[in-house]
Amino acid sequence: MICLTECPKIISRNEWGARKPTANPQQLPSEVPYTIIHHGGTPNYCTNQSSCAAIVRAYQDYHMDVQGWDDIGFNLVVGEDGNVYEGRGWDAVGAHCGSNCNQYSIGICIIGNFTGVSVAQRYVR
């Protein structure tokens with residue numbers, strides 16, 4: 001069993017250098033029934049706030065510039081540095097699992113690619 005002794009630090013959008021969304025976010029209901037866990041899908045990893053913030057900015061750039069979304073798709077992003085990076089935040093509809101589930105879920109992305117590789121225990125804490 002893993003016990004938390006303290007909560008991870010949440011890195012604000014301002015702290016990681018987020019761009020402004022191109023539209024006002026749609027608000028999530030106060031309670032959602034699902035949490036969707038993603039991995040970044042690319043073999044980019046980080047061990048400090050600076051390198052993790054750069055990857056989060058790259059995710060946002062890809063989502064906005066290539067996918068054409070209003071903002072980064074995830075509500076939260078978890079880095080190997082032990083920090084949680086604010087994406088769209090707790091109360092905004094994400095763009096992470098399709099139009100039929102975004103409005104019913106929070107999307108959390110773990111930085112890295114875990115296809116065939118186990119997630120490090122530090123992510124599970």
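Two strands are taken as paired if DSSP finds at least two bridges between them. On this basis, the predicted model contains an open sheet of five strands, ordered β1-β4-β3-β5-β2, with mixed pairing. The edges of the sheet are formed by β1 (10–11) and β2 (34–39), each of which pairs on one side only. Strand β1 is joined to β4 (residues 84–86) by two bridges, and these two strands run parallel. Across this pairing, Ile11 is placed opposite Tyr85 of β4.

One aromatic pair is present in the structure. The pair consists of Tyr59 and Phe74 in an edge-to-face arrangement, with a centre-to-centre distance of 6.2 Å and an angle of 70 degrees between the planes. The arrangement counts as edge-to-face because the planes are over 60 degrees apart. Tyr59 belongs to helix α2, whereas Phe74 lies in the loop between α2 and β3 (76–78); the two residues are 15 residues apart, and the pair thus links distant parts of the chain. Both Tyr59 and Phe74 are buried.

Tyr59 and Phe74 also contribute to the lining of the second largest pocket, for which a volume of about 160 Å³ was computed. The remainder of this lining consists of His39, Gly40, Gly41, Thr42, Asn44, Ile55, Ala58, Tyr62 and His63. Helix α2 (residues 49–66) supplies five residues, the largest share of the lining. In terms of residue class, five lining residues are nonpolar and six are polar, while charged residues are absent.

Definitions and conventions. Residues numbered from 1 in each chain as written. Predicted model: local features only at pLDDT ≥ 70, side-chain atom pairs only at ≥ 80, totals over all residues. Heavy atoms only, no water. 1 Å grid on protein atoms, 1.4 Å probe; cavity = no way out; pocket = protein on both sides within 12 Å on 5 of 7 lines; lining within 4 Å. Points joined across faces, edges and corners; volume = space filled by probe spheres on them. Helix = DSSP H or I, 4+ residues; strand = E, 2+ residues; numbered from the N terminus. Nonpolar A, V, L, I, M, F, W, Y, C, P; charged D, E, K, R; others polar. Phe/Tyr/Trp six-rings, centres within 6.5 Å; stacked < 30°, edge-to-face > 60°. Buried < 20%, exposed > 50% of the residue type's maximum accessible area, 1.4 Å probe, protein only.
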